[in-house]
Amino acid sequence: MCLTVAHPSPRSREAGPHRSAPPASASRRRQAGAALVELGLVSFVLILIFAATIEFGRVVFVAQTLQEVARVMARELALTPLPPDTTFDDALPLVLDESALVIDLDATPDLDAYFATLPLANRLLRPLMIVDLVTIGGAPRRLLRYPGALIDVAPPSGTLGVAIPAVVARSEPEGHETLRWVGVVEEIEPGAFSAERMVGVRLNYPFQAAAMSGFRGAAFEPNIDRVNEADDASVVNDPETSPPEGSFIVDAGSGVGPYAGRYGLGLQYALSKEVRPFRRLVSGQSIRHREILTAGD
């Protein structure tokens with residue numbers, strides 16, 4: 001009888017009983033975990049780029065629209081026959097109805113028909129208006145309005161209008177705002193409409209981002225400790241300006257959004273703080289010579 005003894009291969013001897021290869025399922029789990037971490041890191045960067053692209057696309061759209069509306073308003077005011085002593089404020093209602101910059105959607109069933117009755121500038125500004133749900137006097141109101149601070153132009157009538165806060169300074173270290181108030185429409189050189197026969201129109205728009213927070217300092221410097229905190233109680237007015245005379249700022253609640261809050265400066269949550277959105281005051285302007293027709297004896 002012949003006895004055969006099997007000898008282990010060199011590879012088997014090297015591996016030994018305690019050096020066996022890990023199961024294939026464990027290796028796949030480690031690879032999946034590494035891929036998930038990589039996806040999270042890459043996705044974060046891609047989301048930032050995507051959000052920035054959308055927001056800067058919005059600001060370009062706003063700037064182009066404002067410039068076109070300012071150009072149209074200046075052209076219409078320059079070509080409309082008016083007495084030589086007509087002032088800019090007298091002529092402005094021909095091209096813009098400022099009382100229609102805040103529209104109660106619940107009281108306006110046919111929005112298209114309503115805009116068809118408004119002056120040309122109101123129709124052109126429609127794409128820049130926002131839908132806002134606010135609480136005034138304890139009652140919710142759904143509004144289509146021009147961005148800015150919501151004001152009662154004749155309290156307590158409830159007739160609403162818009163004033164635009166321009167931030168002229170920010171405090172350290174919180175970034176609280178000092179405000180100068182501007183109108184939606186301004187004459188570039190006050191008095192030039194009747195005195196110098198010039199039409200100079202400036203349109204102001206507070207662009208505030210929905211996906212980016214505001215900060216102080218240069219764009220490529222560390223700014224995690226220099227975000228602008230959202231605190232309406234700490235906002236002050238520039239001594240040289242004030243909100244429109246005879247009106248007060250409506251407390252539109254403490255909601256979250258790019259135009260939320262008492263002053264319409266917005267509120268976002270970031271870094272475990274209530275912060276302001278990224279903000280720029282965008283203006284479009286146009287100047288034209290005004291045509292004057294007079295008749296002598």
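This report covers the cores, a ring pair, a sheet and the salt bridges of one structure. The model is predicted.

**Nonpolar cores**

The largest nonpolar core has 44 residues. Six of them touch the most other members: Leu-66, Met-73, Leu-96, Tyr-146, Val-185 and Leu-203. Helix α2 gives the largest share, nine residues.

Take Val-185 as a way into this core. Which residues does Val-185 touch, leaving aside those up to four places away in sequence? They are Met-73, Phe-88, Leu-92, Leu-96, Val-201, Arg-202 and Leu-203. Met-73, Leu-96 and Leu-203 are also among the core members with the most contacts to other members.

A second core is separate and holds nine residues. Ala-149, Leu-179, Trp-181 and Tyr-263 are included in this second core.

**An aromatic pair**

The structure holds five aromatic pairs. Tyr-114 is partly exposed, at 29% relative accessible area. Phe-115 is buried, at 3%.

**The five-stranded sheet**

Five strands form an open sheet with mixed pairing. Their order is β9-β6-β5-β4-β10. Which strands stand at the edges? They are β9 (236-237) and β10 (248-249). Each has a single partner strand, so one side of each is left without a neighbour in the sheet.

Further in, strand β4 (residues 149-152) runs antiparallel to β5. Four bridges join the two strands. At one of these positions, Asp-152 has Leu-160 in β5 as its bridge partner.

**Salt bridges**

Side chains of opposite charge can pair when their charged atoms come close. The whole structure holds 13 salt bridges.

| Pair | N to O distance |
|---|---|
| Glu-76 and Arg-75 | 3.7 Å |
| Arg-142 and Asp-106 | 3.5 Å |
| Asp-132 and Arg-145 | 3.0 Å |

Start with Glu-76 and Arg-75. Glu-76 is partly exposed, with a relative accessible area of 29%. Arg-75 is partly exposed as well, at 30%.

Next comes the salt bridge of Arg-142 with Asp-106. Arg-142 lies in strand β3 (residues 139-145), while Asp-106 lies in the loop between β1 (102-104) and α4 (111-116), so the pair ties together parts that are 36 residues apart in sequence. Arg-142 is partly exposed, at 38% relative accessible area. Asp-106 is exposed, at 53%.

The side chains of Asp-132 and Arg-145 also meet in a salt bridge. Asp-132 belongs to strand β2 and Arg-145 to strand β3, so this pair links distant parts of the chain, 13 residues apart. Are these two residues buried or exposed? Both Asp-132 and Arg-145 are buried.

Technical notes: Residues are numbered from 1 along each chain as its sequence is written. This is a predicted model: local features need pLDDT of at least 70, side-chain atom pairs count only at pLDDT 80 or more; totals for chains, interfaces and linings use all residues. Side-chain values use heavy atoms; hydrogens and water are left out. A nonpolar core is a set of buried Ala, Val, Leu, Ile, Met, Phe, Trp, Tyr and Cys residues joined through side-chain atoms within 4.5 Å. Buried means under 20% relative accessible area, exposed over 50%, partly exposed in between (1.4 Å probe, protein chains only). Contact means heavy atoms within 4.5 Å. Rings of Phe, Tyr and Trp (its six-membered ring) pair if their centres lie within 6.5 Å; planes under 30 degrees apart count as stacked, over 60 as edge-to-face and the rest as tilted. Two strands pair if DSSP finds at least two bridges between them. A salt bridge is a side-chain nitrogen of Lys or Arg within 4 Å of a carboxyl oxygen of Asp or Glu.
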